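Grab a pencil and open the structure in your viewer. Below are a few exercises, each with a solution that goes step by step.

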Amino acid sequence: MNTDRLMRLALEMAELDEIPGDSAIHHRGDGIERVLFGIDLKAPELVIASAQGYDGAISHHPVGGSSTLRFHEVLERHVDQMVGAGVPREVAEETMRATIDDRRVLNSMTNYDHDPSVAVLLDLPYLNIHTPLDEIGRRRMAEAAAGLGEDATVAELIDRFYETFGEFRNAATEIEIRVGKSENPIGKVVVSHGAGTNGGYPVAKAYYDGGIDTVIYIHCRPADAKRLIDEVGETKNLIVTGHIASDSVGINPYVDRLRQEGLDVTTFTGIIPAYAAIRRFVLPHTRPPSCGHGSNLRGSSERLYIAGALMVCWVQVLAALGLRVDRSGSDGRRSRSPVGAVWGTQQEECGAWEVIHEREQSVLRVGASLRAKARLDAGRRRGACVAGRADRWERGVRGQRGARLSRRRAGLRTVVQSGY
Ligand SMILES: [Zn+2]
């Protein structure tokens, strides 16, 4: 593998013909087998990569060189996206003119050689891939949104995103409604992403004026959202999905592709896996004593033990299928059951466990109550995702706006979804 091919693979996946202005190969190299990949990978991380024997380093965000000096070029993509959504071209161009010019001048003031020069000194192949991966993420999110009708509510759209993308479920941030409200119909939706950075107030306003009802940004300054509220009240919607989680939605398919190509890829500095590496399961209708809600455990130790034993049997079956269940909790507050199960203390009346398919490095996610018959066929559904209501309940516990689900709904039904 070499740096050119690393870039070309991303362009192919994003269906782009040429390297966008905000992406660049900063130090060429080949014979790359182990690569370190982060959302922000600069001089200190290059030193780490070199010291730990990586053959190459990939940053998502621009890190200097032409990716900084030509960054303003990708802001033009906002114009194309707006025109595609029905905004008149002259309005779209006027909307972006000042922003593009400001960015060009501001970026030309920076020391654009800082991080690339460190890679050269270390002789470490180094590139950054920004817009191609954001474009992959934009398409995936737009596809998920397109599955809903115009009558669907903002809450349902957010729910759809959590269901579809493990990155959102695993992120420390939550999807937020910055303009509008959860019960609003989504109407016409646009995912404004993959164009350098968010377009702030001017771009969202141009979309609203052009007949779009719901704009999806991955981030937005508070002042911009406030100004939009001042002008449109709650009649339009602005959903902010979270920067790092949304970047990861575009990055993960590319990381998977690199691994398919035989590369050993280590992700860090912000890349949120679609599936957390550490899994947990919770037995139904039981809670760990340590979480302070021990009422369900009173007098139920027998049931607890039997259910735990059943779960262990299930784990053995999965192991026989070549799957591994990691029985570690992931929230820091956990205790072991008599049979070695570990409790995820944020869960309550649902069971959720996830299965890692080691051989393929793909993951099956299984969420269901113990009583649900979670059907698992690793061969047939390799790479597919089975997510259950339990998972939605988990999100409800985390309390993100618009997607809180009742305890009653958690648990039984499973849904099948493909992708990440
Ligand atoms: Zn980003």
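**Exercise 1. Find the residue in β7 that stands opposite Val 190, and work out how β6 and β7 run.**

Keep in mind that this is a predicted model.

- Step 1: Start at Val 190; across from it in β7 you'll find Val 215.
- Step 2: Move on to Val 191, whose bridge partner in β7 is Ile 216.
- Step 3: Now look at the strands as a whole: β6 and β7 (residues 214–217) are joined by 3 bridges and run parallel.
- Step 4: From β6 the chain passes through helix α11 (residues 200–209) to reach β7, a right-handed β-α-β crossover.

**Exercise 2. Decide which residues of β7 are buried on each side.**

- Step 1: Side chains in a regular strand alternate between the two faces of the sheet.
- Step 2: Sort the residues of β7 that way: Thr 214 and Ile 216 sit on one side, Val 215 and Tyr 217 on the other.
- Step 3: Check burial, where the cut-off is 20 or more other C-beta atoms within 10 Å. All four of these β7 residues pass, and both faces of the strand are covered.

**Exercise 3. Describe helix α13, and say where it bends.**

- Step 1: Take its span. α13 (residues 243–260) has 18 residues and reaches 26 Å from first C-alpha to last, close to the 26 Å expected.
- Step 2: Look for a bend, and you'll find one of about 35° at Gly 250, with Pro 253 following within four residues.
- Step 3: List what's buried; among the buried residues are Ile 244, Val 249, Gly 250 and Leu 258.
- Step 4: See what the buried residues of α13 pack against: α1, β2, α8, α10 and β9.
- Step 5: Step just past the helix, where Gly 262 has a positive phi of about 95°.

Methods. Residues are numbered from 1 along each chain as its sequence is written. This is a predicted model: local features need pLDDT of at least 70, side-chain atom pairs count only at pLDDT 80 or more; totals for chains, interfaces and linings use all residues. Helices (H or I, at least four residues) and strands (E, at least two) are DSSP runs, numbered from the N terminus. The expected span of a helix is 1.5 Å times one less than its number of residues. The bend at a residue is the angle between axes fitted to the seven residues ending there and the seven starting there. A residue is buried if 20 or more other C-beta atoms lie within 10 Å of its own, exposed if 12 or fewer, and partly exposed in between; C-beta atoms are placed from the backbone. Two residues are in contact if their C-beta atoms, placed from the backbone, lie within 7 Å. Two strands pair if DSSP finds at least two bridges between them. A crossover is right-handed if, with the strands pointing away from the viewer, the path from the first strand over the helix to the second runs clockwise.
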